[in-house]
Amino acid sequence: MTTTTRVTDLYPTRGATEVATPRQDPVVWGSPDTPGPVSATELQALDRDGFLAVAQLIGPDEVAVYRRELDRLVNDPDIRADERSIVEPKSKEIRSVFEVHKISEVFAQLVRDERVVGRARQILGSDVYVHQSRINVKPGFGASGFYWHSDFETWHAEDGLPNMRTISVSIALTENHDTNGGLMIMPGSHKTFLGCAGETPKDNYKKSLQMQDAGTPSDEALTKMASEYGIKLFTGAAGSATWFDCNCMHGSGDNITPFPRSNVFIVFNSVENTAVEPFAAPVRRPEFIGARDFTPVR
């Protein structure tokens with residue numbers, strides 16, 4: 001006979017109506033006195049705004065290495081045929097490649113870099129594992145954006161993450177202009193969880209990774225949040241990085257410029273916040289999207 005531990009759902013979502021719930025978890029889980037690459041002032045800003053911009057996380061020589069690896073992956077026919085590759089609905093060009101830290105030793109080394117994982121451990125106050133990794137490719141002339149959403153809403157509903165103890169980093173591998181589809185975040189939005197309306201279709205990930213539908217806020221809710229919090233657009237040179245809390249309301253526009261925008265995106269989750277069964281979906285998403293290997297990064 002087996003028993004299943006029931007986990008309290010602190011963040012209801014995917015019901016009949018939208019429901020706003022005040023955040024029940026800390027933003028910064030680590031002690032401000034714990035040594036690490038993030039200063040006490042930066043931790044305070046992260047707690048307040050939900051994000052932390054780093055002007056240069058990796059140097060130009062390193063950027064060149066990761067750019068070459070990105071180009072190799074997106075031009076490899078075997079990678080393109082792999083289910084971990086997501087293509088643009090119209091152009092059929094690669095949009096994202098998931099689980100890159102397992103596909104590529106080059107990106108695995110980046111995940112283990114103390115400038116990267118060290119910040120995650122400090123913010124989350126524990127050892128961490130990779131819940132998700134991917135490269136995002138936004139070539140010029142029409143690459144589509146990512147609609148407004150909270151990552152935690154999806155990771156809670158469809159992957160079963162119980163608490164907001166997850167941090168993401170987006171590392172720019174090309175320059176992020178103010179015109180080529182950069183990341184936008186509503187500062188302070190991470191303090192409120194917006195539970196979205198509508199049931200989760202089975203295998204929703206097959207559609208949502210190309211075009212978000214289930215788990216998207218209403219226009220009314222987005223208008224209210226944008227009016228309250230404003231919108232911050234992130235720009236920066238290749239090698240810059242943006243760390244942001246799992247519950248930030250964020251998105252990005254289409255890239256209709258000639259200038260590509262590519263980045264590597266790594267999601268670290270606390271080993272004390274491992275996934276259970278989905279809170280609002282009929283089945284789990286595949287492990288290349290929501291990991292079930294909780295081995296700490298070493």
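Why is helix α6 (residues 114-124) largely enclosed by the rest of the structure? Nine of its 11 residues are buried, so the rest of the structure largely encloses α6. Buried means under 20% relative accessible area, exposed over 50%, and partly exposed in between, with a 1.4 Å probe and protein chains only.

## Basis

This is a predicted model: local features need pLDDT of at least 70, side-chain atom pairs count only at pLDDT 80 or more, and totals for chains, interfaces and linings use all residues. Residues are numbered from 1 along each chain as its sequence is written, and side-chain values use heavy atoms, with hydrogens and water left out.

Helices (H or I, at least four residues) and strands (E, at least two) are DSSP runs, numbered from the N terminus.

## Helix α6

The buried residues of α6 are V116, V117, G118, R119, A120, R121, Q122, I123 and L124. G125 follows α6. Its phi is positive, near 70 degrees.

## Nonpolar cores

A nonpolar core is a set of buried Ala, Val, Leu, Ile, Met, Phe, Trp, Tyr and Cys residues joined through side-chain atoms within 4.5 Å. The largest has 41 residues. L110, V116, I135, I171, W243, I266 and F268 have the most contacts inside it. A second, separate core has 18 residues, including F244, C246, V267 and A275.

## Helix α2

Helix α2 (residues 60-74) has 15 residues. At 1.5 Å a residue, α2 should span 21 Å, and its end C-alpha atoms are 21 Å apart, which agrees. The expected span is 1.5 Å times one less than the number of residues.

V63, Y66, E69, L70, L73 and V74 are the buried residues of α2. Seen down the axis, they fall within an arc of 130 degrees, so they line one face of the helix. The arc is that of the directions from the helix axis to the C-beta atoms. P60, D61 and R68 are exposed on the other side of α2. The cover over the buried residues includes α3 (77-81), β4 (94-98), α4 (100-103), α5 (105-112), β5 (128-138) and β13 (261-270), where contact means heavy atoms within 4.5 Å.

## Positive phi

Most residues other than glycine have a negative phi. R14 has a positive phi, near 60 degrees. R14 lies in the segment before β1 (19-22) and counts as buried, at 6% relative accessibility.

E99 also has a positive phi, near 55 degrees. E99 sits in the loop between β4 and α4. It is buried, with a relative accessible area of 12%.
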